[in-house]
Amino acid sequence: MTGTDPVAVVGAGPVGLTTALLLARWGVPSVVLERRPVREAIGSRSICQQRDVLDIWAAAGAGAIAEEGLAWTTARTFYRTRELFSWRFADAGTLPPCVNISQSRTEQILEECAAAQDLIEIRWNRDVTGLDQDADGVTLHCADGSAVRASYVVSCAGGRSEIRESLGIGLPGESFDDRFLIVDLHADLPGFEHERRFYFDPPWNPGRQVLIHACPDSRYRIDWQVPPNFSLADEMGPGLDRRIRQIVGSRPYEVGWVSVYTFHSRVADRMRCGRVLLAGDCAHQFAPFGARGLNSGVPDAENAAWKIAFVLRGWAPPQLLDSYDAERRAAALENLEVTSATMRFLVPQSEPGWTARRRALERAAGDPDAVAAIDSGRFAEPFWYTASPLTTPEPTRPPTGRPPKGAVHPPAPGVIVPDAPLPGGTRLRELLRDGFTLLLAADVPGDLATGLAGTAEGVPLRILRPADLDHRGGLATALGLRPGEVWLVRPDAHLAAILPRPTRAAVTAALHRALGFAAL
């Protein structure tokens, strides 16, 4: 990589900073170009961070996000004043299932980690207005007249992106007329401290929804659905106080931030154009119910970082980057489908839709078996690369679709490996992100993998046996590793292949496919 231009990351938000940190983890330098002159710590914005995203941040050196966030446990859903149902996260491993923490604090932690990296340079007040690509790299042009030369570009510049538009990439989809009033609140609310509460049609917001999330330090995020003609200027003062009092009663409170949002459901036509990759809101925008925005943008960053690094280091062909679009756009489309279904239930677009929703809620209020029809948002979960060109299918381990909420899918090619605590306070996934990993069942001959790394041009490859990691012998059973099996795990902890009693040639073929050589 000597003499290689750095990777340009456009946007110093959480997705852009994560990209830069993960590139640095692979030894790849980057320059982060941010249009703002300074970072402004404004508002909670994206607050719910899912366990697998916390795991990625831990690998990037930002474990403080999980440590500082508030780990909430229970989600309650109400219709008017009656609780319809609740669910709890299935807790496993050493990271919390989900934490709430303001996006401002998340960005601050990530920026502190980036500042400690010699391989990352952040340039503020650099508004990228266009770019030119050639066979060797990309030249980015900034509004101040400066130019930056880069080997690749990862655009994390948000929904209004000149880069996406200059590449001719569309962002089709829909916007919702109803708006949402967001308030950050500091108050003492006993009983709310570790919960998410979702209210359909409460008496204090008739016909619409209210969502309440607990955050660290007795802070809360409250979202009110409001009509399209809602005016924030008219609401400030007595109107806003009245709304808040309907929730907190006579308790004292302080307002930290107030804003109004319109939500969009959009996915880019493509997420790669030559040497430019789109990530985060630049590539997809979702309604927030289910927390699938940032929880999808961070896996975008991880996917882009390891693939760019492998190409730059000569471990994989440039065609590996084709799989970025194949994998992450499929993930975006799944998130679009899930969140759009939620928004159709929350904000019906026709009178028959409103009638059907009201009837569903009324049925659920009197019949526990009817709650399955109530959609207040399916929480974010990792995407499975079962249909990826990098994945080797295995008929004895077929994917079976999304399991019920809280359940774990059995192992299958493309599915993420479950995390598991190991003796000494470490976790399994901490060992899986330094390259590719071969997990061998206890009865697989050791010479099957001897020298295998040499067949893949120096690719980092670790060989592990669960029995060696956990001498109590429970890890293989917990993972679902069967006798005679070899699992090939990607650098993002997803299974590239499950091979029952394979030959050395079969393992080599699966590794080459996972590196993108199958496209040659």
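Predicted model: local features only at pLDDT ≥ 70, side-chain atom pairs only at ≥ 80, totals over all residues.
The cysteines come first. The structure holds zero disulfides. Cysteine 98 takes part in no disulfide, and the nearest cysteine sulfur, which belongs to cysteine 48, is 5.0 Å away. A disulfide needs two cysteine sulfur atoms within 2.5 Å. Cysteine 98 has a relative accessible area of 0%, so this residue is buried. For cysteine 156, the closest cysteine sulfur is that of cysteine 282, and the 7.5 Å between the two sulfurs is too far for a bond. Cysteine 156 is also buried, because its relative accessible area is 10%, and the limit for buried is under 20%.

The aromatic rings come next. A pair of aromatic rings is described by how far apart the centres are and by the angle of the planes. The structure holds 22 aromatic pairs. One of them joins phenylalanine 198 and phenylalanine 289: the ring centres are 5.9 Å apart and the planes stand at 75 degrees, so this pair is edge-to-face. The two residues belong to distant parts of the chain, 91 residues apart. Phenylalanine 198 is in strand S14 (residues 195-200), while phenylalanine 289 is in the loop between strand S20 (284-285) and helix H8 (294-312). Both phenylalanine 198 and phenylalanine 289 are buried.

Another edge-to-face pair consists of tryptophan 306 and phenylalanine 436, with 5.8 Å from centre to centre and 85 degrees between the planes. Tryptophan 306 is part of helix H8 and phenylalanine 436 is part of strand S21 (residues 436-440), so the pair ties together parts of the chain that are 130 residues apart in sequence. Tryptophan 306 has a relative accessible area of 1% and is therefore buried. Phenylalanine 436 counts as buried because its relative accessibility is 1%.

Phe198 and Phe289 also belong to one aromatic cluster, together with Phe180, Phe200, Trp257, Tyr261, Phe263 and Phe345. The charged end of arginine 197 sits over the ring of phenylalanine 192, at 3.8 Å from the ring centre. Arginine 275 has its charged end over the ring of tyrosine 152, 4.7 Å from the centre of that ring.

The last topic is empty space inside the model. Rolling a probe the size of a water molecule over the atoms shows where such space is left. The structure holds two cavities of 30 Å³ or more. The largest cavity has a volume of about 240 Å³. Its lining consists of 23 residues, and those nearest the centre of the cavity are Asn295, Pro299, Glu381, Pro382 and Phe383. Helix H2 (51-59), H8 and helix H9 (322-346) each give at least two residues to this lining. Helix H8 has the largest share, with five residues. By type, the lining of the largest cavity has nine nonpolar, six polar and eight charged residues.

The second largest cavity has a volume of about 90 Å³. Among the residues that line this cavity are Leu22, Glu302, Arg433 and Asp492, as well as Trp306, the tryptophan of the pair with phenylalanine 436. Helix H1 (14-25) and H8 each supply at least two residues of the lining. Helix H8 again gives the most, here with three residues. The lining of the second largest cavity divides into six nonpolar, no polar and four charged residues.

Notes: Residues numbered from 1 in each chain as written. Heavy atoms only, no water. Buried < 20%, exposed > 50% of the residue type's maximum accessible area, 1.4 Å probe, protein only. Phe/Tyr/Trp six-rings, centres within 6.5 Å; stacked < 30°, edge-to-face > 60°. Helix = DSSP H or I, 4+ residues; strand = E, 2+ residues; numbered from the N terminus. Lys NZ or Arg CZ within 6 Å of the ring centre and 35° of its normal. 1 Å grid on protein atoms, 1.4 Å probe; cavity = no way out; pocket = protein on both sides within 12 Å on 5 of 7 lines; lining within 4 Å. Points joined across faces, edges and corners; volume = space filled by probe spheres on them. Nonpolar A, V, L, I, M, F, W, Y, C, P; charged D, E, K, R; others polar.
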